[in-house]
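Please look through the sequence and the model shown here, and keep both at hand while reading the explanation that follows.

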Amino acid sequence: SLMNAELGKADQAINVKSDELKKMESLASNLQKQLEKATVEREQLAKEKSSLEQGMGAQMEKMKNDVVATRQGADSVVTMKDNELKKMDELASKLRAELKHQTEKVSQMEAKQAA
């Protein structure tokens, strides 16, 4: 009966570890999705910036009298998009680091379970 109690405790410990592992895997999976979303958003921003720059090039041809004002507007929008891109890069870096950290934790837990 003492043996059964010990086995029960061992099963419980395994279940707890298994649940922790599932939570870690779910977290890692969510982080992966966030990272993919951030990457897609970043690509979208890069496209927007590029098309803005092209559009502004054409505008400037048409508005030679108004070059100074148009340029200032264009530069501020492009600068704004650049800042957004930088923020997306920072977010992606943070997510990558967190994902790596969680993946390592999962690997360590799996190694402990295997041992």
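In which helix is Gln102 found? This is a predicted model, in which local features need pLDDT of at least 70 and side-chain atom pairs count only at pLDDT 80 or more, whereas totals for chains, interfaces and linings use all residues. Residues are numbered from 1 along each chain as its sequence is written, and side-chain values use heavy atoms, with hydrogens and water left out.

Gln102 is found in helix α2, which covers residues 67–114; helices here are DSSP runs of H or I with at least four residues, numbered from the N terminus. With a relative accessible area of 4%, Gln102 is buried, a word that stands for under 20% relative accessible area, while exposed stands for over 50% and partly exposed for values in between, using a 1.4 Å probe and protein chains only. When residues up to four places away in sequence are not counted, Gln102 touches Met24, Leu27, Ala28 and Leu31, where contact means heavy atoms within 4.5 Å.

The charged side chains come next. A search of the whole structure finds 9 salt bridges, each being a side-chain nitrogen of Lys or Arg within 4 Å of a carboxyl oxygen of Asp or Glu. One of them joins Glu6 and Lys9, whose closest N and O atoms are 3.8 Å apart. Because Glu6 and Lys9 lie 3 residues apart in helix α1 (residues 2–62), about one helical turn separates them. Glu6 counts as partly exposed at 43% relative accessibility, and Lys9 counts as exposed at 52%.

Other salt bridges run between the helices. The side chains of Lys81 and Glu48 meet in a salt bridge with an N to O distance of 2.6 Å, and this pair links distant parts of the chain, with Lys81 in helix α2 and Glu48 in helix α1, 33 residues apart. Lys81 is buried, its relative accessible area being 10%, whereas Glu48 counts as partly exposed at 30% relative accessibility. Lys81 and Glu48 also belong, together with Glu84, to a network of linked salt bridges.

Asp82 forms a salt bridge with Lys49, the closest N and O atoms being 3.0 Å apart. This pair, too, links distant parts of the chain, since Asp82 lies in helix α2 and Lys49 in helix α1, 33 residues apart. Of these two residues, Asp82 counts as partly exposed at 27% relative accessibility, while Lys49 is buried with a relative accessible area of 17%.

Methods. Helices (H or I, at least four residues) and strands (E, at least two) are DSSP runs, numbered from the N terminus.
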